[in-house]
Amino acid sequence: TQANGDSAPSFEYQATCPNDQNLIYVQGRRIAGPPPDPPLDNRQGIPAVELGACVRCNLQIEGSGPRPEDVILDAGKNYANPAMPGAKPGGSAGCDNPNNCYTKHVVLRADRADGFVAKNLLTRGGREFGIYTEEIDGYLLDRTKFYWNADYGQLSFTSDHGLMRSCDGFGSGDSVVYPGAAPETGSQADTSFYPDAPRYNTVVTKCDLRGSALGYSGSMGNAVRITNNHIYGNVTGIASDTLSSAGHPGFPADYSRIDHNFIYSNNLNLYVENPPVEPLVPVPLGTGVLYAGMNDASVHHNWIFDNWRNGTMLIAVPDGLTSGGGAEGNVNPGISCPGAPENNLSTSCGNRFFNNRMGQVPPGFTFPAALNQFGADHSTGPGPHPNGTDFWWDEFSGNTGNCWFNNVGPDGTGGSITGPGAGSPPDLLPSNCNTSVGGGDGAKTAYLVDCSQGPDETGPCDWWDPAPQPESSAAELEAAARKRAFRKLAQTEQVHELVERMESFAGFEGRP
C-alpha cells in the first residue's frame, strides 16, 4: 500500500507496462507466479513462487561524459533553461500543477535486477524519484546526482548489499537518499537466513546531501551505515524512524550507524509560502540527526555543528502509534527494549552517541557556496559554531541503554556539551549505557504530541519556526522563556493525563 492509501503497482504490472510510471525501466527477472495470498508472515527474501530467472541482472548503465552532468536522464519539462543541470522543472509557472513539471513519476527504475550499477550520470525531474532500486541483491550507484526529484532523489526498498558512493543531490521534498525497509541484517537478524549477520546491508558514503527537507531518511532503515558524507542545508539532516511499519518490513528499525560525517547548518526553512522546495514531511527545522524509534544505533566520530535547534534528537515511538498499528510480517526475536513487544514499547533502546565533536568546526573547513542556494541560515567564520542543543532526548519511560559519552563541545571539553533539552527536572543525559533508563518527562511528551499534529498557532511545538542563532541574545532569551514554560507545562493536569495515556501505550498503566 502506498502512502496515499492506493495499492502499489505490482512487479508484474511494472514489467508488463514498464513505461507507465518510469522513464527508463530495468526488469531484472522474469515474471514467475503470483505473490502468495495471503502474504507470508516471513518477509525475508522474495517468495520462491515469485522469483523468476534473471534476464537483466548484472547490468551497468554508465554515462560517457567526464562529469555526471554530461549525461542527464530527465523526466521533467518546461525548464526555463534546460541546458543548466540544476534547472528546476516548470520554470516560472511552478509545479502547483504537476503536469506542468513532470512527464514520469520515476526517472530510472530497476526491479529485482541483482548486480545493478548506475554510474556517472544525473537524474532529474521525477515526479517521485530519480533512481528507484527495488528488491535488488547487490547494487552500486557511483558518481550519481539527483536534482529536483519531487519526493526522493534515490529510493531503495527491501534491497540488500547496496552502495551509494560519491553522490550529490538537492531539491527533494522528502530526502535525497532513502534506503527504506532495509533488510533485517542488524541486531535482530535471523542468522538462519543471514548467517553473516550482524552486518551493514547498505552504505552511503562520500556524498553531498543538501537543499531538501531531509538529506537522508529511511523508515525501517535497519543496518544502514552513513559515513564520510557532507549533510547540510536541509530542514533536518538525517532521519531514520519506526514511524511507518505498515508496508515497511523489518520492525523495529535497528543497528543504524552514522560515523565520520560533517553534519552542519541544517537550518533550511521550507515552512513558508512558496518555498523553493515543497516539503512533504514534517520534520524539526534546524536539526542534524533525528532518530524516531531506533534501537542499537551508534552515532560517533562526527563533526556536528551549526544546527540551530538540535544537533541530534532521540525520541521513542510506542508501538500503538506506528503507522498501521503494527509490524509488517513477523518480528524477529532480540528486540532491545526489555519486555517488548508484549509491553508495546519496542523502540528507542540501546543507542549510543560517542566521540562526536559538537559545535566544533574541522580544521580548514569553509562553508560551501551551495548553502546559499536556497538561503539556509548558517554561521560564518572559522567557528566554533554551536548547535542549539547538542543532544536532545525525550527520556521516555522505560527506555533503556541510551547513552552519551566521550563527546566534546565547542570549547573542546565534555563540559560544554548541552542536553537533553528543556523539560521536567532533572533533565539528565546518561553516560553509563548499562544503567540508563528513561524516567519520563511530561513536558517533552506534550511537546512531541503537539509536534506530531503538524504546525499550529497554540501548542508548545516550535519545529516549524526558525531557531535563533545559538549564543545570540535572542537564543538566550528564548531558551530562558522555554525553560520557564516547560516547567509550568509539566505541572498541568492535562500533561499528567497525557503522560498516563502515552504510557498506557507502553504498558505502564498504574505507575506512580
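**Group meeting: a pocket and some rings**

Okay, starting with the second largest pocket: its lining residues split into 13 nonpolar, 8 polar and 10 charged. Here Ala, Val, Leu, Ile, Met, Phe, Trp, Tyr, Cys and Pro count as nonpolar, Asp, Glu, Lys and Arg as charged, and the others, Gly among them, as polar. Quick caveat: this is a predicted model, with local features needing pLDDT of at least 70 and side-chain atom pairs pLDDT 80 or more, while totals for chains, interfaces and linings use all residues. Numbering runs from 1 along each chain as its sequence is written, and side-chain values use heavy atoms, with hydrogens and water left out.

So, which helix gives the largest share of that lining? That's α3, with 8 residues; helices are DSSP runs of H or I, at least four residues, and strands are E runs of at least two, numbered from the N terminus.

On to the rings. We have 27 aromatic pairs, meaning Phe, Tyr or Trp rings (six-membered ring for Trp) with centres within 6.5 Å; planes under 30 degrees apart are stacked, over 60 edge-to-face, the rest tilted. F129 and Y132 are edge-to-face, because their planes sit at 75°, with centres 5.0 Å apart. Both F129 and Y132 are buried, too, that is, under 20% relative accessible area, where exposed is over 50% and partly exposed is in between (1.4 Å probe, protein chains only).

F353 and W404, on the other hand, are stacked, because their planes are at 10°, with centres 5.4 Å apart. That pair links distant parts of the chain, strand β26 to strand β29, 51 residues apart. F353 and W404 are buried as well.
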